[in-house]
Amino acid sequence: MKVSNEPLWWAFFGAGGALSALCVPALLFLVALAMPLGWIETPSYEAARALVHHPLARLFLFALISLSLLHWGHRFRYTLYDGLQLKHLESLIVLFCYGGAILGSVFTAFVLWQL
Amino acid sequence: MTQETIALEVFRYRPEQEREPTFQTYEVPLRKDWVVLDALNYIKDEIDGTLTFRWSCRMGVCGSCGMMINGTPVLTCAAFLETYRPGPVRIEPLANFPVVRDLVILMSDFMEKLGRVKPWIITDKEKPVAEGEYLQTPTQLADFKQYSMCINCLLCYSACPVSGLEPDFIGPAAIALAQRYNLDSRDEGSAQRMEVLSQDDGIWQCTLVGECSAVCPKAVDPAGAIQRYKVASTNDWWRSKLMPWGK
Ligand code: SF4
Ligand code: FES
């Protein structure tokens, strides 16, 4: 009998779920509703860029995007296992879900670094 | 006025005479004060004495009368017949368990799993009787009381899709009962239970579908117990990886 390594993924899953549930609705409200509908003033390109350029903003965006991706990876892994009953493809699914989330995170880090 | 009736389509399986289960329809009086268990007892007494099912207390305490009614696991002593009007009402043994006969399921797999989580108070050293009782405040009692309400009816195992797909999954009630002792101020066995529950077939097969808590007749909320346990087990895992010397 061996202790499961699931806590590794579950911790990212939990953190990603909590963070995205908290922040994504607020971000969507601001960027997808309030700004285009003119409820609040849309910042200029330079101002927005300066905002995300701040190291803390970049760190926040990285955490939000990468943890959300890891949340997706974990959830989707079990959707494929149980929902589509594909558990026999376990290693492929693990590779695709977590590999995809990690690749996405690396790409995010790259883009944010380049800003 | 003639007595209104309702049809019960009852799952039958008599291993000595048939290889595949069948359904048998019985027409029973639809009485306002009857629960489904009353209707089954009516069948047994008045129509067909060979129908086999478990029951005992008739009041939601013993946990032995669980069955699938129209596909949902319920205690038949707590399910009023009238709710299913006009029928027919389909009655089957609890899903996800082997059937012994008719509506009776085999519980030995659950019994083995329950034993694994050591559902009793474990202390490092027993206090001599002369030193008196183990006292507990109402707040300490409230920590675990909800989990102690479990009546082992197994409705949660029937409702859980993961239990159906992964027969090794230790399952909702066993985990809730582990928490019942883990959260008891008198208990010192949580490390022993953690060893069992942090395996792959422990808590980690749960994907938080939540059906166990939806069907539980005692509001035990096993899904909540499992989530709390996941947090505890995750903390334990990270601590053992980041601070291996702390173990
Ligand atoms: S947790 Fe609820 S549904 Fe499950 S066995 Fe206990 S009382 Fe029944
Ligand atoms: S007969 Fe005891 S719980 Fe239903």
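**Entry 1: where the chains meet**

I began at the contact between the two chains and found four residue pairs in polar contact between chain A and chain B, both partners at pLDDT 80 or more. I am working with a predicted model, and I keep that in mind throughout.

I then asked which elements of chain A give two or more residues to the side that touches chain B. They are α1 (6-34) and α3 (55-83) of chain A. The largest share comes from α1(A), with six residues. Sorting that side of chain A by class, I got eight nonpolar, three polar and five charged residues.

Next I looked up how many residues take part: 16 from chain A and 18 from chain B. I noted that the size of an interface is often given as the accessible area lost when the parts come together. Here the buried area is about 1600 Å², and carbon and sulfur atoms give 60% of it.

How many salt bridges cross the interface of chain A and chain B? I found one. It pairs E166(B) with K87(A), and their closest N and O atoms are 3.0 Å apart.

**Entry 2: chain B as a whole**

I turned to chain B and listed nine helices and seven strands. Its C-alpha trace spans about 75 × 40 × 30 Å along the principal axes. Of the 247 residues in chain B, 46% are buried. I also checked contacts in chain B with a separation of 6 or more: residues 24 or more positions apart account for 63% of them.

**Entry 3: R12(B)**

Is R12(B) buried or exposed? I find R12(B) in strand β1 (residues 5-12) of chain B. R12(B) counts as buried because its relative accessible area is 0%, below the 20% cut-off.

Its side chain makes a polar contact of 3.0 Å with the side chain of T50(B). A second polar contact, of 3.1 Å, joins R12(B) to the side chain of D102(B). Setting aside neighbours within four places in sequence, I saw that R12(B) also touches other residues, including E18(B), Y26(B) and D48(B).

One of those, E18(B), has a salt bridge of its own to R14(B), with the closest N and O atoms 3.1 Å apart. E18(B) is buried at 14% relative accessible area, and R14(B) is buried at 13%.

**Entry 4: salt bridges along chain B**

I counted 18 salt bridges over all chains of the structure. One of them joins R85(B) and E4(B), at 2.6 Å from N to O. I liked this pair for linking distant parts of the chain: R85(B) lies in the loop between β4 (72-75) and β5 (89-92), E4(B) in the segment before β1, 81 residues apart. R85(B) is partly exposed at 40% relative accessibility, and E4(B) is partly exposed at 35%.

Another bridge runs between D38(B) and R58(B), with the closest N and O atoms 3.7 Å apart. D38(B) sits in helix α1 of chain B and R58(B) in the loop between α1 and β3 (66-69), 20 residues apart. D38(B) is buried at 12%, whereas R58(B) is partly exposed at 39%.

**Entry 5: around ligand 1**

Last, I looked at the residues around ligand 1, among them C150(B), C153(B), C156(B), C216(B) and P217(B). How does this shell divide by class? I count eleven nonpolar residues, one polar and no charged.

Technical notes. Residues are numbered from 1 along each chain as its sequence is written. Chains are lettered from A and ligands numbered from 1 in the order in which they are written. This is a predicted model: local features need pLDDT of at least 70, side-chain atom pairs count only at pLDDT 80 or more; totals for chains, interfaces and linings use all residues. Side-chain values use heavy atoms; hydrogens and water are left out. A residue is near a molecule or strand if one of its heavy atoms lies within 4 Å of it. Ala, Val, Leu, Ile, Met, Phe, Trp, Tyr, Cys and Pro count as nonpolar, Asp, Glu, Lys and Arg as charged, and the others, Gly among them, as polar. Contact means heavy atoms within 4.5 Å. Buried area is the accessible area (1.4 Å probe) that two parts lose on being put together, summed over both. A salt bridge is a side-chain nitrogen of Lys or Arg within 4 Å of a carboxyl oxygen of Asp or Glu. A polar contact is a pair of N or O atoms within 3.5 Å; within protein, one must be able to donate a hydrogen and the other to accept it, and residues adjacent in sequence count only if both atoms are side-chain atoms. Helices (H or I, at least four residues) and strands (E, at least two) are DSSP runs, numbered from the N terminus. Buried means under 20% relative accessible area, exposed over 50%, partly exposed in between (1.4 Å probe, protein chains only).
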